[in-house]
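Subject: Structure for you to look through

Dear colleague,

Here is the structure I promised to pass on to you. Please open it beside this message, and read the notes below with the model in view.

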Amino acid sequence: MIRHVVMWKLIAEDAEGQKAAVDAMAAALEPLAGQIEGLESLIVRHDAGNVEKNWDVVLISEHTSPEALVAYGTHPLHDGPAAIVGAHTRDRVCVDFEF
């Protein structure tokens with residue numbers, strides 16, 4: 001299994017705009033679990049806001065293998081959600097690890 005952890009900084013800086021962005025991102029991405037082979041789970045959450053320097057949003061997904069993670073990123077069903085994420089974010093960091 002491989003875990004894929006992505007964090008983004010949002011374009012919106014106000015609480016209402018950030019909530020709308022995270023809601024749109026979660027609505028687009030979370031349904032992919034079960035639709036793409038090898039994608040076992042996927043969640044998108046907004047930062048709790050306790051530390052100012054934290055990133056704004058996190059995605060955590062689990063894949064059956066490194067190959068399944070690559071297939072997820074290139075799958076046609078991923079294109080629409082990726083465009084929604086791109087419309088709301090300005091910076092991205094990622095870590096993938098096996099467990």
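Leaving aside its neighbours within four places in sequence, Leu59 is in contact with His4, Val5, Val6, Trp8, Leu29, Leu42, Ile43, Val44 and Tyr72. Please keep in mind, here and below, that this is a predicted model.

Leu59 also belongs to the largest nonpolar core, which has 19 residues, and it is listed there with Trp8, Leu29, Val44 and Tyr72 as the residues with the most contacts inside that core. The elements that give two or more residues to this core are β1, α1, β2, β3 and α2, and the largest share, five residues, comes from α1. As general background, nonpolar side chains in soluble globular proteins tend to be buried together.

The strands come next. Four of them form an open sheet in the order β2-β3-β1-β4, and their pairing is antiparallel. Because β2 and β4 stand at the edges, each with a single partner strand, one side of each is left without a neighbour in the sheet. Direction ignored, neighbouring strands of this sheet are turned by 15 degrees against each other on average.

To follow the pairing in detail, you could begin with β1, which is mostly covered, with seven of its nine residues buried. Seven bridges join β1 to β3; among the pairs, Arg3 has Glu62 of β3 as its bridge partner, and Trp8 has Val57 of β3. With β4, β1 pairs in the antiparallel sense over nine bridges, and one of the pairs there is Met7 with Val93 of β4.

Taken by itself, α1 has 15 residues and reaches 21 Å from its first C-alpha to its last, which is close to the 21 Å expected at 1.5 Å a residue. Its buried residues are Gln18, Ala21, Val22, Met25, Ala26, Ala28 and Leu29. Seen down the axis of α1, these buried residues fall within an arc of 165 degrees, so they line one face of the helix. On the other side of α1, Glu16, Lys19 and Ala27 are exposed. What covers the buried residues of α1 includes β1, β2, β3, α2, α3 and β4.

With best wishes,
A colleague

Key: Residues numbered from 1 in each chain as written. Predicted model: local features only at pLDDT ≥ 70, side-chain atom pairs only at ≥ 80, totals over all residues. Heavy atoms only, no water. Core = buried A, V, L, I, M, F, W, Y, C linked by side-chain atoms within 4.5 Å. Buried < 20%, exposed > 50% of the residue type's maximum accessible area, 1.4 Å probe, protein only. Helix = DSSP H or I, 4+ residues; strand = E, 2+ residues; numbered from the N terminus. Contact = heavy atoms within 4.5 Å. Pairing = 2+ DSSP bridges. Axes fitted to C-alpha atoms, helices over the stretch in contact; angles between N-to-C directions. Expected span 1.5 Å × (residues − 1). Arc of directions from axis to C-beta.
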